[in-house]
Amino acid sequence: MDDTISIAVAREPTLSLPSVRIADDGTVDVPYVGLLTAAGRTPRDFAEEIRVRLRRDYLADPHVSVNIIEYASHLVIVEGAVVRPGQLTYSKGTTLLGAIANSGGASRVAKLDQIAIFRTTGGARQVAVFDLKQVRAGRQPDPLLEPGDQVIVGYSGMRQAWQDLLQAAPLFAIFYRL
């Protein structure tokens, strides 16, 4: 999960958490309340559960607010044969073509018919393979990405060997029979 939130309890600094990461299992340990599930809930809903529990055991009329500081889960990872592999901040409406473009585009050694999107849904890891040429031509859909998706652009071994040969040829200053 790794999102970071803040929990503020009005006039109660010992009950507040200015910055806390949501654990991988989706939980947060809230002072005087205990371990609560934050994953899949709105900040308002999560704050309400904290408020109810504090009111039940500790405070007469607690005012609780929860704010999201950082969406670590709102990242898309793009790796493989792209110019700038790495993490991209997810934006609603981001597609495969958009993610590759934001990574500087496919590199010269990319195998455009082998682009995989890995996604975890309901705890199960899934993969879909796309042909970028077919997507660009409109013969295959340009899939919408989701937070946490991992895009891997395949490498073409032949293209890589050719690029290596072209880079090495000037060093030897000789002609090669191809």
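Helices (H or I, at least four residues) and strands (E, at least two) are DSSP runs, numbered from the N terminus. On this basis the protein has 4 helices and 10 strands, and from the N terminus on the elements run β-β-β-β-α-β-β-β-α-β-β-α-β-α.

The model is predicted: local features need pLDDT of at least 70 and side-chain atom pairs count only at pLDDT 80 or more, while totals for chains, interfaces and linings use all residues. Residues are numbered from 1 along each chain as its sequence is written, and side-chain values use heavy atoms, with hydrogens and water left out.

Of the 178 residues in the protein, 35% are buried; buried means under 20% relative accessible area, exposed over 50%, and partly exposed in between (1.4 Å probe, protein chains only). The protein exposes about 11,100 Å², of which carbon and sulfur atoms supply 54%; accessible areas come from the Shrake-Rupley method with a 1.4 Å probe, and for residues only the protein chains shown count as cover. Contact means heavy atoms within 4.5 Å. Among contacts between residues at least 6 apart in sequence, 48% join residues at least 24 apart.

**Sheet and hairpin**

Two strands pair if DSSP finds at least two bridges between them. An open sheet of 5 strands shows mixed pairing in the order 7-6-10-8-9. Strand 7 (86-89) and strand 9 (124-130) stand at the edges with a single partner strand each, so one side of each is left without a neighbour in the sheet. From one strand to the next, the twist averages 20°; axes are lines fitted to C-alpha atoms, for helices over the stretch in contact, and angles run from 0 to 180 degrees between N-to-C directions.

| Strands | Bridges | A bridge pair |
|---|---|---|
| Strand 8 and strand 9 | 7 bridges | threonine 121 and alanine 124 |
| Strand 3 and strand 4 | 4 bridges | aspartate 29 and leucine 35 |

The hairpin of strand 3 and strand 4 has 3 residues between the strands, and tyrosine 32 takes a positive phi near 65° there.

**Aromatic pair**

A search of the whole structure finds 1 aromatic pair. The rings of tyrosine 32 and tyrosine 58 have their centres 5.3 Å apart and their planes at 65°, so the pair is edge-to-face. Rings of Phe, Tyr and Trp (its six-membered ring) pair if their centres lie within 6.5 Å; planes under 30 degrees apart count as stacked, over 60 as edge-to-face and the rest as tilted. The pair links distant parts of the chain, 26 residues apart: tyrosine 32 lies in the loop between strand 3 and strand 4, and tyrosine 58 in the loop between helix 1 (43-57) and strand 5 (64-70). Tyrosine 32 counts as exposed because its relative accessibility is 52%, whereas tyrosine 58, at 47%, is partly exposed.

**Nonpolar cores**

A nonpolar core is a set of buried Ala, Val, Leu, Ile, Met, Phe, Trp, Tyr and Cys residues joined through side-chain atoms within 4.5 Å. The largest has 20 residues, and those with the most contacts inside it are Val78, Leu96, Ile115, Val151 and Val153. Strand 6 (75-80), helix 2, strand 8, helix 3 (132-136) and strand 10 (150-155) each supply at least two of its residues, with strand 8 giving the most, 4 residues. Apart from this core lies another, of 19 residues, among them Ile5, Ile7, Ala38 and Ile50.

**Serine 103**

Serine 103 is in the loop between helix 2 (96-102) and strand 8 (110-121). Serine 103 counts as buried because its relative accessibility is 0%. Leaving aside neighbours within four places in sequence, serine 103 is in contact with Val78, Val82, Val83, Arg84 and Leu88.
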